[in-house]
Amino acid sequence: MAYAYARKLDPQTGDWTYSAATTFAQADSPALELVKRILRTLRGSSLLDPQMGVDWQKVDPLGTQAQATTESVLRAALDPLVRRGAIADLVFRVEVDSRAGRVLYEVDFTDVRARQRRTASGSA
Amino acid sequence: MSVLTARDRETIRAALLARLAARHQAAGVELDTREPGDAWQLTAALAVLLASLETQAEGAVLQMLPDRATGTLLDAHGETPEVPRDAGELDPDYQARLLDWWQLRLLDGSPTAWKARAEENDFITDCFVYPRLQPGTTNTFTLGCTILVCRGPAPGDDPAITFTVSAPDLAHVRAYLDGTENAAGVVNGPGTEQWRPLAAPLGNLLVETITSTKQTVEIQVEAAVTHPFPWSGSYAIVASTDTTVTIAGDHEDLAGLPILANVGETLYRGGYYAVQVTTAVFGGVNTVLTLAETLLAAPAGTIYPAPPFWLALRTAIFTLFDALTPGDSTTPSRWPPVTASQPTVLRRAALMRSALSAPGVLRVTSIPLPAANVTPTTKAQITLGTLLVTSA
């Protein structure tokens, strides 16, 4: 049982997931939901908070600095959560698929309240 | 200050989030309210809409009030009262003019308003309002009618002063309320306004003075050994002048002692005056007492011993009577209402308490008069008639 109630996002589609009882599914890690929400948001696209999200504009998957830039923009996007103490000990793994022109990433972090390691992944 | 103050979106979001969290808490679940969780974003999005609505509502409410509306919406406020904006008149000036118009017509005729307005007048001390009481003596409730019962100053130790307000002074109060005089009684003087609501016809308002019901008070007390009565008994007056009193029998022992002699309550409040006997001469049938002072009138009735605490006791009883107020209607309606600090009933317990407050009174043995608590009739006030204190 998680320490607080948060709705669970489908990591692939970004939609709410539902339980069998047709209610919103509860997330196991509320902090993971915060991370997923930020990673799925393109910086500038949220009218509520234009500073929220990942600045993928800076990343050129075909460039030589793609890996370092990706890690940098991911770290910058999640920095507010780190500063607020929601997550800690971030570890990034980034792969650049030059042929497909995309990057794949994985973020390991600690959900501070749950004291558990969690992983979020995605591509851009 | 506005009647509605729009909140900013952060305030609204925090309020919504707190309410949502409380509802979850009540269900035994902690809600994750951290930014940018789903609860946070939901409330933040709602707050954006609500903040706009509140700002719009705040502006709309302001335009509903003549002292806050501006521009053409202010002009609209002038249409119903037919007070158009003068050429070149600025909003603040026009607002003030509209307010003046409303203030003149929004007099509510409430008891508090009547009382406050009447007491602004220089000719009365205070007034009591009987809303719904029909002018006249029937004490019938009729909607739209009001009686103002006015009082002058309390008498204290001066019998010439009563709570009664003279007819000319009442006329000034009435003229002030009707808007022909100002509070100082100057016809059309500065501050003259029509204070009667338009819904109150002339005949529905009656301004009258207090009526009084006199009550004789007689108290029997036991004096402390330090303050004894100077002599005992009482003697009927056979004859009197303003300097002598003649009583039957040999009472030369009264020489040098104080007596209470009734000179009449219209000349001396309570009637009985304490005076020293200088000489007492027995002439074979009667004794002539020569008094140390020239009295206000030749006393009549009976003389009694004047106790040392007479003046203190008298003052205490005066204070008690001066705190009484006019009686309420059968169904209570008077404003201000009857309370412990605004009593109407003369209670024997209160008389006893007042008598005991005089230094030298050991105890009150009986109160022959009044024989029971005295309740005044509607609009009437109990006032002091004759006051006498005798030895138990």
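**Notebook: strands of chain B**

The model I am reading is a predicted one. Within this pair I found Phe282(B) opposite Thr287(B) of S9(B). I then checked the hairpin of S8(B) and S9(B): 3 residues lie between the strands, and Gly284(B) takes a positive phi near 105°.

Next I looked up the other pairing of S9(B). Strand S6 (residues 244-248) of chain B pairs with S9(B) in the antiparallel sense, over 5 bridges. For Thr244(B) I noted Thr290(B) as the bridge partner in S9(B).

Which residues form the covered face of strand S9 (residues 286-291) of chain B? I listed Thr287(B), Leu289(B) and Leu291(B) there, with Asn286(B), Val288(B) and Thr290(B) on the uncovered face. In a regular strand, side chains alternate between the two faces of the sheet.

I moved on to an open sheet of 3 strands in chain B, with the order S1-S2-S3 and mixed pairing. Strand S1 (126-133) and strand S3 (205-209) of chain B are its edge strands, each pairing on one side only. Direction ignored, I have its neighbouring strands turned by 20° against each other on average.

Helix H5 (residues 111-119) of chain B packs on this sheet, touching S1 and S2 of chain B, and its direction makes about 145° with that of S1(B). Phe128(B) stands opposite Val149(B) in S2(B).

Last, I looked at helix H6 (residues 167-178) of chain B, which lies across S2 and S3 of chain B and runs at about 150° to S3(B).

Methods:
Residues numbered from 1 in each chain as written. Chains lettered and ligands numbered in written order. Predicted model: local features only at pLDDT ≥ 70, side-chain atom pairs only at ≥ 80, totals over all residues. Pairing = 2+ DSSP bridges. Helix = DSSP H or I, 4+ residues; strand = E, 2+ residues; numbered from the N terminus. Axes fitted to C-alpha atoms, helices over the stretch in contact; angles between N-to-C directions. Contact = placed C-beta atoms within 7 Å. Buried ≥ 20, exposed ≤ 12 C-beta atoms within 10 Å, placed from the backbone.
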